[in-house]
Amino acid sequence: MAGVLPARTPRISMGNNMQVTETLNEGLKRAYAITITAAELNEKVNAKLVEAQPEVEMKGFRKGKVPMAMLKKQFGPRVMGEVMQESVDGAMNKHFEDSGDRPAMQPDVQMTNEDWKDGDDVEVALSYEALPEIPEVDVSGVALEKLVVKPEEAAVTDALTSLAENAKDFEAREGDAVAEDGDQVVIDFVGSVDGEEFEGGAGEDYPLVLGSNSFIPGFEEQLVGTKAGEAKDVNVSFPEEYGAEHLAGKEALFKCTIKEVKAPKAAEIDDELAKKFGAEDLEGLKGQITERLEAEYAGAARQVMKRAALDALDGLVSFDLPPSLVEAEAKQIAHQLWHEENPEVEGHDHPEIETTDEHTTLAERRVRLGLLLAEMGQKAEVEVTDAEMTQAIMAQARQYPGQERQFFEFIQQNAQMQQQLRAPLFEDKVIDLVFEKAAVTEKEVSKDDLEKAVEALDDE
């Protein structure tokens, strides 16, 4: 389009007229005054205009023949804005490259001469908290105990019994036997509110397990003691928070006809049961259960050993912590604990939650260990592969059946969520390195002892 500067103006390199003056160096806090001279800014503006000139068209001039003075008048202010932003970004990047500092959080950058006009130097205040130097840690002297639990026959039998219970069938009770809690009743029912039947309130030959809580509260209890062939009026009230607004809180009458009363019958623990769960025979199913139990025990034992490893690492290192990271972590801990104590509050429109010394102490530990593990992982060139990320995303996506594709797309477009999934994978890989280098001894314990050790983790 005539009279428009090309959208993509060339990027420029930093000049040598930048002045950097340190104004604060206290602990991990850093502050600098950066001055970018007017001469350097003008030089870069001119360079951009000269490079763009061959492509510029303007009424009254052939393409590429627009005088520089007119270009500068027409496009100079916009190009100057670009140059100022690029110069500030470049100055900041060059500072970090030269100093070797790594900011703990996003640096604060403010232009201090707000009354700037063309021809003035640009003055910028840069402040941040630097990440500390992380000391080398020798974990070869760390002694860790790996708890080992071998699945007992009783545990395998309990698991088989549970599977048989889940695979149970129902058999008709004899004669005029009355329905008991846990029985299945086959019913026809018609529901009404204020004498009017409502949509979705009727059913035929519906198999209802009494005590399953699959119907609204109070419904199933009223069918206990009924017999096959009996008619029963069930009076209930829909919950106030019921999904259908026109029924919420309303009293309802369900006219029910009990057609059958069936007693539960657990499946036999045999080869047929094994086939229902994908095994060739009962011995194969026992083998699968044993492997699953071993994996569960190993996972629990890993949690216990990981906590011991983190405790040991925490005692081995000491370095300054960026206050901003500690404060942010303490606020997050306080917020999470508050919601755990107030589960009825789902949103975040609640009063500000004050952090305590306990929150801060826990935050300091987490920040210290987080920085240490990140440093150890970086030095060991630990990486989370694409395959591992995909597997983690798939595991999360299973929590949203029917919406897996949308979840994948959400993760792909959300860098913060990707980092939240990547961080624990990275941490576990670093912990594995600690396990490899530490002095690990195995200790065989009972299932109960392992459970107590896991419970103790939550108490700390």
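**Close-ups of the pockets and the sheet**

**View 1. The largest pocket and its centre.** Of the 42 residues that line the largest pocket, Glu329, Arg366, Val367, Gly370 and Glu427 lie nearest its centre. A pocket here is worked out on a 1 Å grid over the protein atoms alone: it is an open set of points where a 1.4 Å probe fits, with protein on both sides within 12 Å along at least five of seven lines, and lining residues have an atom within 4 Å of a point. The model is a predicted one, where local features need pLDDT of at least 70 and side-chain atom pairs count only at pLDDT 80 or more, while totals for chains, interfaces and linings use all residues. Residue numbers start from 1 along each chain as its sequence is written, and side-chain values use heavy atoms, with hydrogens and water left out. The volume comes to about 1800 Å³, counted as the space filled by probe spheres set on grid points joined across faces, edges and corners.

**View 2. Who lines the largest pocket.** Helices (H or I, at least four residues) and strands (E, at least two) are DSSP runs, numbered from the N terminus. The top contributor is α7, with twelve residues. Sorted by class, the lining has 21 nonpolar, eight polar and 13 charged residues; Ala, Val, Leu, Ile, Met, Phe, Trp, Tyr, Cys and Pro count as nonpolar, Asp, Glu, Lys and Arg as charged, and the others, Gly among them, as polar.

**View 3. The second largest pocket.** This one holds about 250 Å³ of space. Its lining runs to 14 residues, with Glu136, Val137, Met376, Lys379 and Lys437 nearest the centre. Both α7 and α10 supply at least two of the lining residues, and α7 has the largest share, at four. The class count is nine nonpolar, no polar and five charged.

**View 4. An open, antiparallel sheet.** Four strands line up in the order β1-β2-β4-β3. Strands β1 (18-26) and β3 (108-111) sit at the edges, each pairing on one side only. Two strands pair if DSSP finds at least two bridges between them. In the antiparallel pairing of β2 (residues 29-36) with β4 (residues 122-129) there are eight bridges, and Ile34 has Val124 in β4 as its bridge partner.
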